[in-house]
Amino acid sequence: MTSEERLQDVLARIADAERKAKRQPQSVTLVAVSKTFDAEAIRPVIVAGQRVFGENRVQEAQRKWPALKEEFKDLELRLIGPLQSNKATDAVALFDVIESVDRKKIARVLADEMQRQDRQTRLYVQVNTGLEPQKAGIAPAETVAFVDFCRGELELSIEGLMCIPPADENPGPHFALLAKLADQCGLQKLSMGMSGDFETAIEFGATSVRVGSAIFGNR
(Lines give C-alpha, C1' and ligand atoms only; values in the text may rest on other atoms or scores of the structure.)
Protein backbone atom coordinates (compact mmCIF):
# COMPACT_ATOMS: atom_id res chain seq x y z
CA MET A 1 0.00 0.00 0.00
CA THR A 2 1.07 3.58 -0.63
CA SER A 3 1.09 6.16 2.14
CA GLU A 4 -2.02 7.71 0.57
CA GLU A 5 -3.83 4.35 0.71
CA ARG A 6 -2.71 3.78 4.29
CA LEU A 7 -4.00 7.26 5.18
CA GLN A 8 -7.44 6.41 3.82
CA ASP A 9 -7.40 3.12 5.74
CA VAL A 10 -6.59 4.92 9.01
CA LEU A 11 -9.32 7.52 8.39
CA ALA A 12 -11.82 4.71 7.76
CA ARG A 13 -10.77 2.99 11.00
CA ILE A 14 -11.17 6.27 12.92
CA ALA A 15 -14.67 6.73 11.47
CA ASP A 16 -15.57 3.16 12.43
CA ALA A 17 -14.26 3.66 15.97
CA GLU A 18 -16.29 6.88 16.27
CA ARG A 19 -19.44 5.01 15.26
CA LYS A 20 -18.79 2.17 17.70
CA ALA A 21 -18.19 4.65 20.53
CA LYS A 22 -21.34 6.59 19.54
CA ARG A 23 -19.20 9.65 18.88
CA GLN A 24 -20.04 12.38 16.38
CA PRO A 25 -18.51 11.81 12.91
CA GLN A 26 -15.21 13.66 12.47
CA SER A 27 -15.00 14.42 16.20
CA VAL A 28 -11.48 12.96 16.25
CA THR A 29 -8.54 14.78 14.63
CA LEU A 30 -5.88 12.64 12.98
CA VAL A 31 -2.34 13.85 13.68
CA ALA A 32 -0.06 12.19 11.11
CA VAL A 33 3.29 11.64 12.83
CA SER A 34 5.94 12.37 10.22
CA LYS A 35 9.10 12.18 12.34
CA THR A 36 12.12 10.74 10.47
CA PHE A 37 10.36 11.11 7.10
CA ASP A 38 11.54 13.79 4.68
CA ALA A 39 9.45 16.35 2.84
CA GLU A 40 9.15 14.19 -0.28
CA ALA A 41 7.65 11.35 1.76
CA ILE A 42 5.26 13.74 3.50
CA ARG A 43 4.04 15.66 0.43
CA PRO A 44 1.86 12.82 -1.03
CA VAL A 45 0.02 12.56 2.29
CA ILE A 46 -0.63 16.32 2.23
CA VAL A 47 -1.83 16.13 -1.37
CA ALA A 48 -4.16 13.29 -0.33
CA GLY A 49 -5.86 15.71 2.07
CA GLN A 50 -4.13 15.33 5.45
CA ARG A 51 -3.55 18.69 7.14
CA VAL A 52 -2.44 18.01 10.74
CA PHE A 53 1.04 16.63 11.37
CA GLY A 54 3.16 15.83 14.42
CA GLU A 55 6.92 16.00 14.91
CA ASN A 56 9.07 14.93 17.86
CA ARG A 57 12.09 17.21 17.46
CA VAL A 58 12.31 20.93 16.80
CA GLN A 59 15.53 20.73 14.77
CA GLU A 60 14.24 17.99 12.48
CA ALA A 61 11.00 19.89 11.89
CA GLN A 62 12.91 23.05 11.02
CA ARG A 63 14.63 21.25 8.15
CA LYS A 64 11.44 20.29 6.31
CA TRP A 65 8.34 22.12 7.50
CA PRO A 66 8.93 25.85 6.75
CA ALA A 67 8.95 25.13 2.99
CA LEU A 68 5.95 22.79 3.24
CA LYS A 69 3.97 25.32 5.30
CA GLU A 70 4.79 27.99 2.73
CA GLU A 71 3.57 25.71 -0.07
CA PHE A 72 0.45 24.49 1.78
CA LYS A 73 -0.93 27.41 3.78
CA ASP A 74 -3.53 25.50 5.80
CA LEU A 75 -1.25 22.96 7.50
CA GLU A 76 -1.22 22.56 11.28
CA LEU A 77 2.03 21.39 12.87
CA ARG A 78 2.19 19.92 16.37
CA LEU A 79 5.20 19.28 18.58
CA ILE A 80 4.54 15.96 20.30
CA GLY A 81 8.03 15.27 21.67
CA PRO A 82 9.87 16.69 24.70
CA LEU A 83 10.78 20.38 24.48
CA GLN A 84 14.03 21.78 25.87
CA SER A 85 13.91 25.39 27.03
CA ASN A 86 16.71 26.40 24.63
CA LYS A 87 14.47 25.34 21.71
CA ALA A 88 11.40 27.25 22.89
CA THR A 89 12.00 30.26 20.63
CA ASP A 90 12.12 28.07 17.53
CA ALA A 91 9.21 25.92 18.70
CA VAL A 92 6.88 28.88 19.22
CA ALA A 93 7.83 30.28 15.82
CA LEU A 94 7.27 27.01 13.91
CA PHE A 95 4.60 24.97 15.68
CA ASP A 96 0.89 25.72 15.89
CA VAL A 97 0.40 23.36 18.85
CA ILE A 98 2.86 22.19 21.54
CA GLU A 99 1.57 19.06 23.28
CA SER A 100 4.49 18.42 25.65
CA VAL A 101 4.27 21.10 28.37
CA ASP A 102 5.27 19.20 31.50
CA ARG A 103 7.12 21.43 33.98
CA LYS A 104 7.04 24.97 35.35
CA LYS A 105 10.31 26.02 33.72
CA ILE A 106 9.16 25.22 30.18
CA ALA A 107 5.73 26.76 30.85
CA ARG A 108 7.38 30.02 31.95
CA VAL A 109 9.70 30.06 28.94
CA LEU A 110 6.79 29.44 26.56
CA ALA A 111 4.74 32.19 28.17
CA ASP A 112 7.63 34.63 27.72
CA GLU A 113 8.27 33.53 24.13
CA MET A 114 4.65 33.78 23.06
CA GLN A 115 4.48 37.29 24.47
CA ARG A 116 7.75 38.27 22.82
CA GLN A 117 6.74 36.85 19.43
CA ASP A 118 3.10 37.97 19.79
CA ARG A 119 2.06 34.45 18.83
CA GLN A 120 -0.50 32.29 20.63
CA THR A 121 0.66 28.70 20.24
CA ARG A 122 -1.95 26.24 21.48
CA LEU A 123 -0.75 24.16 24.44
CA TYR A 124 -1.37 20.71 25.92
CA VAL A 125 -0.01 19.41 29.22
CA GLN A 126 1.71 16.02 28.91
CA VAL A 127 0.86 13.62 31.73
CA ASN A 128 3.10 10.66 32.60
CA THR A 129 0.21 8.34 33.41
CA GLY A 130 2.51 5.37 34.02
CA LEU A 131 4.97 7.32 36.20
CA GLU A 132 7.80 6.04 33.99
CA PRO A 133 11.10 7.63 35.04
CA GLN A 134 12.49 7.65 31.50
CA LYS A 135 9.43 9.39 30.04
CA ALA A 136 8.49 13.06 30.01
CA GLY A 137 5.25 14.27 31.55
CA ILE A 138 3.89 15.57 34.81
CA ALA A 139 2.66 13.12 37.46
CA PRO A 140 -1.10 12.52 37.47
CA ALA A 141 -1.41 13.69 41.08
CA GLU A 142 0.19 17.03 40.15
CA THR A 143 -1.76 17.66 36.94
CA VAL A 144 -4.66 19.75 38.25
CA ALA A 145 -2.36 22.02 40.27
CA PHE A 146 -0.01 22.39 37.30
CA VAL A 147 -2.82 23.35 34.92
CA ASP A 148 -4.05 25.87 37.51
CA PHE A 149 -0.51 27.31 37.74
CA CYS A 150 -0.26 27.66 33.96
CA ARG A 151 -3.64 29.34 33.72
CA GLY A 152 -3.38 31.49 36.81
CA GLU A 153 0.19 32.65 37.34
CA LEU A 154 1.31 32.49 33.69
CA GLU A 155 -2.07 33.29 32.07
CA LEU A 156 -1.55 30.49 29.55
CA SER A 157 -4.49 28.99 27.71
CA ILE A 158 -4.20 25.21 28.08
CA GLU A 159 -6.19 23.40 25.40
CA GLY A 160 -5.98 19.81 26.64
CA LEU A 161 -3.97 16.91 28.02
CA MET A 162 -1.70 14.40 26.27
CA CYS A 163 -0.32 11.02 27.34
CA ILE A 164 1.76 8.10 26.06
CA PRO A 165 0.86 4.95 28.01
CA PRO A 166 3.58 2.41 28.89
CA ALA A 167 4.25 0.18 25.88
CA ASP A 168 3.82 -3.05 27.82
CA GLU A 169 0.54 -2.21 29.56
CA ASN A 170 -3.12 -2.16 28.61
CA PRO A 171 -3.62 1.45 27.45
CA GLY A 172 -7.29 1.61 28.48
CA PRO A 173 -6.75 2.51 32.16
CA HIS A 174 -4.25 5.19 31.15
CA PHE A 175 -6.69 6.73 28.68
CA ALA A 176 -9.42 6.61 31.34
CA LEU A 177 -7.11 8.35 33.82
CA LEU A 178 -6.28 11.11 31.34
CA ALA A 179 -9.98 11.66 30.62
CA LYS A 180 -10.71 11.88 34.35
CA LEU A 181 -7.90 14.41 34.86
CA ALA A 182 -9.11 16.50 31.93
CA ASP A 183 -12.59 16.56 33.43
CA GLN A 184 -11.15 17.71 36.77
CA CYS A 185 -9.29 20.49 34.93
CA GLY A 186 -12.32 21.50 32.87
CA LEU A 187 -10.52 20.59 29.63
CA GLN A 188 -12.23 19.19 26.53
CA LYS A 189 -9.27 18.03 24.43
CA LEU A 190 -7.48 14.69 24.83
CA SER A 191 -4.47 13.78 22.69
CA MET A 192 -4.02 10.04 23.16
CA GLY A 193 -3.69 6.93 21.06
CA MET A 194 -1.09 5.91 18.48
CA SER A 195 -0.87 3.41 15.62
CA GLY A 196 -1.38 0.36 17.84
CA ASP A 197 -4.14 1.64 20.11
CA PHE A 198 -5.90 4.65 18.60
CA GLU A 199 -9.25 2.86 18.33
CA THR A 200 -9.15 2.14 22.07
CA ALA A 201 -8.26 5.79 22.71
CA ILE A 202 -11.31 6.92 20.72
CA GLU A 203 -13.47 4.66 22.86
CA PHE A 204 -12.14 6.50 25.93
CA GLY A 205 -12.74 9.97 24.50
CA ALA A 206 -9.67 10.95 22.49
CA THR A 207 -10.19 14.12 20.47
CA SER A 208 -6.93 13.63 18.57
CA VAL A 209 -4.86 10.53 17.81
CA ARG A 210 -1.20 10.49 16.80
CA VAL A 211 -0.58 7.94 14.04
CA GLY A 212 2.75 7.48 12.29
CA SER A 213 3.77 4.00 11.12
CA ALA A 214 0.21 3.03 10.10
CA ILE A 215 0.39 5.88 7.55
CA PHE A 216 4.03 6.29 6.60
CA GLY A 217 5.21 2.72 7.13
CA ASN A 218 8.05 1.47 9.30
CA ARG A 219 10.88 3.86 10.03
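Reader: What makes the reach of helix 3 (residues 58-71) close to the expected one?

Author: Helix 3 has 14 residues and reaches 20 Å from its first C-alpha to its last. The expected span is 1.5 Å times one less than the number of residues. Here that expectation is 20 Å, so the reach is close to it. A helix is a DSSP run of H or I with at least four residues, a strand is a run of E with at least two, and both are numbered from the N terminus. This is a predicted model: local features need pLDDT of at least 70, side-chain atom pairs count only at pLDDT 80 or more, and totals for chains, interfaces and linings use all residues. Residues are numbered from 1 along each chain as its sequence is written, and side-chain values use heavy atoms, with hydrogens and water left out.

Reader: Where does helix 3 bend, and by how much?

Author: The bend is at lysine 64, and is about 45°. That is the angle between two fitted axes: one for the seven residues ending there, one for the seven starting there. Proline 66 follows within four residues.

Reader: Which residues of helix 3 are buried, and what do they pack against?

Author: Buried means under 20% relative accessible area, exposed means over 50%, and partly exposed lies in between (1.4 Å probe, protein chains only). In helix 3, Val58, Glu60, Ala61, Lys64, Trp65, Leu68 and Lys69 are buried. They pack against helix 2 (39-47), strand 2 (52-55), strand 3 (76-79) and helix 4 (88-94).

Reader: Why is leucine 75 called buried?

Author: Its relative accessibility is 8%, under the cut-off, so leucine 75 counts as buried. Leucine 75 sits in the loop between helix 3 and strand 3. A contact means heavy atoms within 4.5 Å. Beyond residues up to four places away in sequence, leucine 75 touches Ile46, Gln50, Arg51, Phe53, Trp65, Leu68, Lys69 and Asp96. Valine 52 is 23 residues away from leucine 75 in sequence, yet their C-alpha atoms are 6.0 Å apart.

Reader: Why is leucine 131 called exposed?

Author: Its relative accessibility is 58%, over the cut-off, so leucine 131 counts as exposed. Leucine 131 is in the loop between strand 5 (122-127) and helix 6 (143-152). Not counting residues up to four places away, leucine 131 touches Ala139 and Pro140.

Reader: What makes a set of residues a nonpolar core, and by what distance are they joined?

Author: The members must be buried Ala, Val, Leu, Ile, Met, Phe, Trp, Tyr or Cys residues, joined through side-chain atoms within 4.5 Å. The largest such core here has 64 residues. Phe53, Trp65 and Leu161 have the most contacts inside it. In soluble globular proteins, nonpolar side chains tend to be buried together.

Reader: Which residues of helix 7 (171-185) are buried?

Author: They are Pro171, Gly172, His174, Phe175, Leu178, Leu181, Ala182 and Cys185. These pack against strand 5, helix 6, strand 6 (158-163), strand 7 (189-191) and helix 8 (198-203).

Reader: What is the phi of threonine 36, and of aspartate 118?

Author: Threonine 36 has a positive phi of about 75°, although it is not a glycine. Aspartate 118 is not a glycine either, and its phi is near 50°. Most residues other than glycine have a negative phi. Threonine 36 is exposed at 51% relative accessible area. Aspartate 118 is exposed at 71%.

Reader: How do you know that the protein is as compact as a globular protein of its length?

Author: The protein comes to 9 helices and 8 strands. Its radius of gyration, taken over C-alpha atoms, is 17 Å. The globule rule is 2.2 Å times the number of residues to the power 0.38. For 219 residues that rule gives 17 Å, so the protein is as compact as a globular protein of that length. Of the 219 residues, 51% count as buried.
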